[in-house]
Structure formats: C-alpha cells, structure tokens
Amino acid sequence: MNVGVFGATGQVGTVMLEILAERKFPIEDLRLFASSRSAGRVLNFDGRTITVEDSATAVFDGLDIALFSNGAPTSLELAPIVAQAGAVVIDNSSAWRLDPEVPLVVPEVNASALSEIPKGIVANPNCTTMVVMSALHALDSVWGLRRVVASTYQAVSGAGLEGVRAYQRELDAHGSSLSALTFDGSALDFPAASVFPATIAANVIPFAGSLVGNDTSEELKFVNESRKILGREDLLVSVTCVRVPVFTGHSLSLTVELETEYELDAAIEVLSSAPGVRYCEVPTPLMAAGSDECLVGRVRRDNSAARSLSFFAVGDNLRKGAALNAVQIAECLERMGS
Ligand SMILES: NC(=O)c1ccc[n+]([C@@H]2O[C@H](COP(=O)([O-])OP(=O)(O)OC[C@H]3O[C@@H](n4cnc5c(N)ncnc54)[C@H](OP(=O)(O)O)[C@@H]3O)[C@@H](O)[C@H]2O)c1
C-alpha cells in the first residue's frame, strides 16, 4: 500500500515508523509529512532514507492510507483534503472522534465499525481511554457494565514533545537536589510552569487538558469516547484525570459496577484473556512502556457496593495509546481490501 505518515517528526510519528517496520506492514511507497519547520529533514525507515515533506504544500494523490498525528487543528483542515485525494485517513487527534460519521475504533473491540467510513476518516481514541477499552469490553460482554469510576495517572509524553521537554527542564534544574533525600519539595525553586498548569516534577496535577465547564477536556474524552467505542451511550462514567511525573505510560485506577453478580476468579480470568491485555499483579508504567500489551492488575472485589470490582490498568500511550492502534486499524483495512 502507499502510506503517508503525517506528523512523522513527532513522538507518535516516530513510534508509528518503528511499528510499521516491526509489523512489516505491506508498504510499496512511504511518504513522510510535517510542518514547514521540519520539511526537508531526512528520516530513516527500515534501512531507507526519506525526506520529510511540508503537508501545507504537498500533493496527496496516490496515497492509500494516511496515518495522522499532527494535532487536532491540522487534522481538521487536512484530513478531508487527504481523504478527498483518495486515502483513508486514520487520525490520532481529537478532531473527528465524536463525529457520528467517523468510526472510532479499537480493533479488539469494534473492528466492525470499519465497514462504513463515509468521510474517508477513521479516528483513533485518546491514549488514556485506549488503555482500558479491551478490558472494559470483556467485562461488559460477560456481566454487563453499569457504571465506571476512574482516576487517571497520565504521563507527560501524552502532552506531546512539549510536555516531555517541560518535565525534563524541571528535572534538569534540580537533578541533584531531587536525587538527594528531600522532605520538603516546596523548598526547590523550579522554572516557571509552562506546558502544565503547575510544576510537574516532584508533583501531581489534578488537571489534564483544558477546562470545559466543570470538567477537563481529557475527562470528557474518557466519558464520551468510552461510550462510543463500547456502543454503550447509557454507560455511567465518572473520571478525574491527573498528570503525573512519568515519561511514558498512562495508568488508571478503576472501580466498575456490573449488572450481574460475578466471581473474583472469573473476573481475573476474563480480564487476563481480553485481547491485547496481560495480567500482572502490580502493573506499572515502566513495565508498560515499550510494550504492545496493556497491563491489568490489583484486581479485587470492591466491598463498598454490590457487584463492584476494582482494578488498575496501564498502557504505553505512544504505542497502543496511539501509533500501534492506528497501524492495527490500517492492518484491518488492508485485510478488508480498502
Ligand atoms: N502523545 C501521546 O501520548 C498521544 C497519544 C494519542 C494521540 N496523540 C495525538 O497525536 C498527535 C501528535 O502527538 P505527539 O505527542 O506526537 O506530538 P508532537 O511530538 O508534539 O509532534 C507533533 C507532530 O505534528 C506536526 N505538526 C505540528 N503542527 C503542524 C502543522 N501545523 N502542520 C503539519 N504538521 C504539524 C509536527 O511537525 P514539526 O516537526 O514540523 O513541528 C510533529 O511532527 C496529537 O494530536 C495528539 O493529541 C498523542
């Protein structure tokens, strides 16, 4: 297939290229795009060198699949143009996810939604929601989900390279003090917060994204996207999204109320055998980083309510949370002969 990677110079784009090569996606021609800032840079792909094109001036004829990770504003403008030129766009941004004419797909859960792509655009869910979709779908299929209550622990790389650089800057300013035994972090003088609303080093911030009413954009994404992917518009969902000083790997603490009574051993078995999920007792972001599987663990009965189950889930936000899922969608389309 003729493939275009848009946002090829970014974090997700970089992982996208690794995953396309690792999974031996059948590529005849590969083109790489970014903004004018990076046009002309030369990137390596599977032993070849490819020059990055400026997506604002390029011509897109001949592309079959366009993997987008160039941010929502660019996607809003560019995806219809690239789709019009004949490619199926698989978009990682939030731009199209809730459009009723755009399937929002996690292949392990709702690959059948790819049977209709009216706008030529398929959306990839946000990286936090993605981590638990297969696990929640598995529980829903057996016992029925009634309510999901979650808190997230989101890595700085979820906020793009800017987020990683901001955390790195703060660490660099205090590398030695942070590694010493410091009881009062407030005594440390960090650079002014820039990307995040507060210092992220030695801290946690109960605010991710932007404010929309009383919720944050990240919280609304989790609520709305979970419902759309699971096909459960009636699902009760409550979430608080928190940014933590972790480079890569989004975590979630979840309590779910089920429709029918469950046995704990059976719940562990169902979660462990959900596609793309691996069970481990104490899952951490460091374990998940670089892994294609999402990890679930700390599975236990929640005794504060009937038919309630608590567990912890972790996934690599750049792999399954973005690039891997997009490539898996492309693989589905290739099998379907798109
Ligand atoms: N990070 C995650 O965990 C994650 C997970 C899921 C989805 N996403 C989504 O994926 C997208 C990229 O995230 P990221 O973390 O890879 O960000 P990033 O590292 O900051 O990279 C952004 C990429 O987009 C390109 N770009 C920016 N503005 C552009 C413009 N006006 N025209 C064309 N290209 C432009 C950049 O090119 P230049 O080099 O030219 O600046 C770069 O290649 C975002 O929509 C994000 O929400 C991210």
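User: How many Å separate the centres of domain 1 and domain 2, taken over C-alpha atoms?

Analyst: In this predicted model, the centres of domain 1 and domain 2, taken over C-alpha atoms, are separated by 26 Å. The domain assignment places residues 2-125 and 322-336 in domain 1, and residues 128-160 and 196-316 in domain 2.

User: Which residue counts describe the contact between domain 1 and domain 2?

Analyst: As a general idea, the size of an interface is often given as the accessible area lost when the parts come together. Here the description is by residues: 13 residues of domain 1 are in contact with 16 residues of domain 2. On the side of domain 1 that touches domain 2, helix 3 (107-110) and helix 10 each supply at least two residues, and the largest share, three residues, comes from helix 3. By class, that side of domain 1 divides into six nonpolar, five polar and two charged residues.

User: How should I read the packing of helix 4 and helix 10, and what is the angle between them?

Analyst: Two packed helices are described by the angle between their axes and the distance between the axes. For helix 4 (residues 127-143) and helix 10, the angle is about 80° and the axes are 8 Å apart. Since angles of 65 to 115 degrees count as roughly perpendicular, helix 4 is roughly perpendicular to helix 10. Cys127, Met130 and Val131 of helix 4 make the contact with Lys320, Gly321, Ala322 and Asn325 of helix 10. The residues of this contact divide into four nonpolar, two polar and one charged.

User: What radius of gyration does the chain have, and how does that value compare with a compact globule?

Analyst: The chain has a radius of gyration of 20 Å, which agrees with the value near 20 Å that a compact globule of 338 residues would have. Along its principal axes, the C-alpha trace spans about 60 × 50 × 40 Å, and the secondary structure of the chain comes to 10 helices and 15 strands.

How values were computed: Residues are numbered from 1 along each chain as its sequence is written. This is a predicted model: local features need pLDDT of at least 70, side-chain atom pairs count only at pLDDT 80 or more; totals for chains, interfaces and linings use all residues. Axes are lines fitted to C-alpha atoms, for helices over the stretch in contact, and angles run from 0 to 180 degrees between N-to-C directions. Helices (H or I, at least four residues) and strands (E, at least two) are DSSP runs, numbered from the N terminus. Angles under 35 degrees count as roughly parallel, over 145 as roughly antiparallel, 65 to 115 as roughly perpendicular and the rest as oblique. Two residues are in contact if their C-beta atoms, placed from the backbone, lie within 7 Å. Ala, Val, Leu, Ile, Met, Phe, Trp, Tyr, Cys and Pro count as nonpolar, Asp, Glu, Lys and Arg as charged, and the others, Gly among them, as polar. The radius of gyration is taken over C-alpha atoms; the globule rule is 2.2 Å times the number of residues to the power 0.38. Domain bounds come from an automatic or database domain assignment.
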